[in-house]
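Let's take a friendly walk through the charged side chains of this protein and the helix packing beside them. Please have the model open as you read.

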Amino acid sequence: MAQCTPPTFDHLPMNTSTSNTISNGTFRTRSNGGQPQTEHRHLWIITGPAGCGKSTVAQYLVQSMNIPYIEGDEYHPQANVDKMSKGIPLTDADRWDWLTRLREEAISCLSSTGSQGVILTCSALKRKYRDVIRVAPYFSHDLRVHFVFLHAPKEVLTKRVMARVGHFMGANMVHSQFGILEAPGKDEIDVIIVDVNGPIEQVEEEALAKIQEAVKGEFVRDS
């Protein structure tokens with residue numbers, strides 16, 4: 001049964017070897033190693049079409065940040081899995097309950113683990129799909145939502161999917177997903193964009209660095 005993977009211990013992704021704090025309490029360090037906390041909890045959604053490396057990047061971030069992880073594909077109902085296994089694209093109607101469940105699972109995971117953050121993988125191909133998850137703070141007022149959009153040309157992702165073994169998504173799913181993909185617009189200010197054309201190690205490091213910058217930016221805005 002799908003469930004969130006809890007962390008060993010929780011911290012947000014900043015290197016804080018010093019004991020500096022922000023006076024209003026938004027940024028404070030822990031006595032057991034200077035790991036930073038904020039007054040908010042964070043939902044980091046790793047997004048993009050099939051083959052972009054969502055699970056690989058997510059697992060790297062989970063290990064680096066030591067926060068819980070939700071693998072979105074594990075929450076698809078069997079009917080969705082059967083359709084995708086046959087190369088049949090999902091419709092909007094197929095996705096609504098899945099997206100709502102992912103949003104609810106993320107909020108539940110944060111509550112049950114006491115973590116300040118959670119990583120969620122979800123293709124979130126259309127803006128309205130992202131909007132389903134964006135409303136999470138309505139149900140959990142201290143939550144902030146961030147998307148990490150992994151992008152590369154269709155040809156690159158198709159080759160990667162063709163090299164997979166044992167995954168229910170075939171190469172034709174890349175074509176169908178690009179057909180409905182709505183890349184994040186400039187007004188979607190909660191989106192971090194990462195180019196995944198390069199080596200996976202480079203992609204992972206860039207994703208983590210951009211998340212670190214987002215957290216630092218929060219400290220500055222809230223101080």
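## A charged residue to start from

Is Arg-134 buried or exposed? In this predicted model, Arg-134 has a relative accessible area of 18%. Because buried means under 20%, Arg-134 counts as buried.

Arg-134 is found in helix H4, which covers residues 127-134. Leaving aside residues up to four places away in sequence, Arg-134 touches Arg-127, Val-145, Phe-147, Glu-188, Asp-190 and Val-191.

Let's begin within the helix. Arg-134 forms a salt bridge with Asp-131, and their closest N and O atoms are 2.8 Å apart. Both residues lie in helix H4, three residues apart, which is about one turn of the helix. Asp-131, at 31% relative accessibility, counts as partly exposed, whereas Arg-134 is buried.

Now look beyond the helix. The side chains of Arg-134 and Asp-190 meet in a salt bridge, with an N to O distance of 2.7 Å. This pair links distant parts of the chain: Arg-134 is in helix H4, while Asp-190 is in the loop between helix H7 (171-180) and strand E7 (191-195), 56 residues apart. A further side-chain link, a polar contact of 2.6 Å, joins Arg-134 to Glu-188.

Glu-188 deserves a visit of its own. Its place is in the loop between H7 and E7, and it is buried, with a relative accessible area of 5%. Besides the 2.6 Å polar contact with the side chain of Arg-134, the side chain of Glu-188 reaches the backbone nitrogen of Gly-185 at 2.8 Å. Not counting residues up to four places away in sequence, Glu-188 touches Arg-127, Arg-130, Arg-134 and Ala-183.

The side chains of Glu-105 and Arg-101 meet in a salt bridge, 3.8 Å from N to O. Because they are four residues apart in helix H3 (residues 92-113), Glu-105 and Arg-101 are separated by about one helical turn.

How accessible are the two residues of this pair? Glu-105 counts as partly exposed at 24% relative accessibility. Arg-101 is also partly exposed, with a relative accessible area of 31%.

## How H3 and H4 pack

The two helices visited so far also meet each other. Two packed helices are described by the angle between their axes and the distance between the axes. For H3 and H4, the angle is about 30° and the axes are 9 Å apart. Angles under 35 degrees count as roughly parallel, so H3 and H4 are roughly parallel to each other.

What is the hand of the crossing where H3 passes H4? The crossing is right-handed. On the H3 side, the contact is made by Asp-92, Arg-95, Trp-96, Leu-99, Thr-100 and Arg-103. On the H4 side, the contributors are Lys-128, Tyr-129, Val-132 and Ile-133.

How values were computed: Residues are numbered from 1 along each chain as its sequence is written. This is a predicted model: local features need pLDDT of at least 70, side-chain atom pairs count only at pLDDT 80 or more; totals for chains, interfaces and linings use all residues. Side-chain values use heavy atoms; hydrogens and water are left out. Helices (H or I, at least four residues) and strands (E, at least two) are DSSP runs, numbered from the N terminus. A polar contact is a pair of N or O atoms within 3.5 Å; within protein, one must be able to donate a hydrogen and the other to accept it, and residues adjacent in sequence count only if both atoms are side-chain atoms. Contact means heavy atoms within 4.5 Å. A salt bridge is a side-chain nitrogen of Lys or Arg within 4 Å of a carboxyl oxygen of Asp or Glu. Buried means under 20% relative accessible area, exposed over 50%, partly exposed in between (1.4 Å probe, protein chains only). Axes are lines fitted to C-alpha atoms, for helices over the stretch in contact, and angles run from 0 to 180 degrees between N-to-C directions. Angles under 35 degrees count as roughly parallel, over 145 as roughly antiparallel, 65 to 115 as roughly perpendicular and the rest as oblique. A crossing is left-handed if the near helix is turned anticlockwise from the far one by less than a right angle, and right-handed if clockwise.
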